[in-house]
Amino acid sequence: MSRYALRAASVAAALGLWQLLTSLNVDLWLRFSQFPTVADVARTFADRLAGDDYWTDLTDSLTRILTGFLLAAVVGVATGVLVARSRLAEDLLGPILEVVRPIPAIALVPVAILLFPSNEQGIVFITFTAAFFPVMVSTRHAVRALAPGWEEAVRTMGGGRWRILGSVVLPGALPGIFGGLSVGLGVSWICVISAEMISGQYGVGYRTWQDYTVVDYPGVFVGMVTIGVLGWATSTAVELLGRRLTRWLPRTSYVPSGRPRTPRPQPAAPAPAAPAAVPTGTDPEEARDEHLV
């Protein structure tokens, strides 16, 4: 509970500093006089929550991000496993993927406009592209890093290719896969908001850009806060799912102070009794025979 209290205090301190700098119109090097205060943003946020447009924008953005991200998760994991396990697939797909991967997903907006008949499909395509490459690359590296002894053990026991895939490859690569999913989800939020600003109709990004064009700065900050909360909630959901599916992994536990918890010392086993001393002048073999009797 002390950790959660510390986190809440950190957020409250940041908001208090924001309110102080903007209410006093501090202009040192950064121009806080141009910023809306926390109270202005809170009032605008409350007004938006009472209307229907805010919830429509929220639903549209979540639908786009979830559709593109789920497609990227399925296709990215499948492609990463295929490229890592098949030399032919690596030769055929590897060069194309490596050429397209450095291109920013937001730079594909003109391509999406030309390819797809509607802006909605184009935004989902950009979201898919943004999440696909982090998932694919993380899956590929995780599969290649698996110990070959595991696969050899399954083959020794008569397991085939699908048995190895289900029992060794996918479970062993899960930590790396979820690392790629977490990164891909963050990149997807960046790109879907940018795509909504450029070619969207409705959505959090579209509404934030419209507020900026009409110089409604509290509305802009409402959009920014909404994007941050949505990104945090979806990333937390992916992280919790990853912990649930990889609960067999060893994890380090921490005490509230942040120091690793050391295991409690176990009571030492009682020392074995010392053998009886052999009386002086007695043959050791006779003493042993008497002991056995």
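Mentor: Welcome! This is a predicted model, where local features need pLDDT of at least 70, side-chain atom pairs count only at pLDDT 80 or more, and totals for chains, interfaces and linings use all residues. Residues are numbered from 1 along each chain as its sequence is written, and side-chain values use heavy atoms, with hydrogens and water left out.

Trainee: How many helices and strands does the secondary structure of the chain come to?

Mentor: Eleven helices and zero strands. Helices (H or I, at least four residues) and strands (E, at least two) are DSSP runs, numbered from the N terminus.

Trainee: Why does leucine 88 count as exposed?

Mentor: Exposed means over 50% relative accessible area, buried under 20%, and partly exposed in between (1.4 Å probe, protein chains only). Leucine 88 has 59% relative accessibility, so this residue counts as exposed. Leucine 88 lies in helix α4. Across the 293 residues of the chain, 32% count as buried.

Trainee: What makes a space a cavity or a pocket?

Mentor: On a 1 Å grid over the protein atoms alone, a cavity is a set of points where a 1.4 Å probe fits but cannot get out, whereas a pocket is an open set with protein on both sides within 12 Å along at least five of seven lines; lining residues have an atom within 4 Å of a point. By this rule there is one cavity of 30 Å³ or more. The largest cavity holds about 90 Å³ of space, and its lining includes Arg48, Tyr54 and Asp57.

Trainee: How does the lining of the largest cavity divide?

Mentor: Into four nonpolar, four polar and four charged residues. Ala, Val, Leu, Ile, Met, Phe, Trp, Tyr, Cys and Pro count as nonpolar, Asp, Glu, Lys and Arg as charged, and the others, Gly among them, as polar.

Trainee: Which helix gives the most to the lining of the second largest pocket?

Mentor: α8, with four residues.

How values were computed. Points joined across faces, edges and corners; volume = space filled by probe spheres on them.
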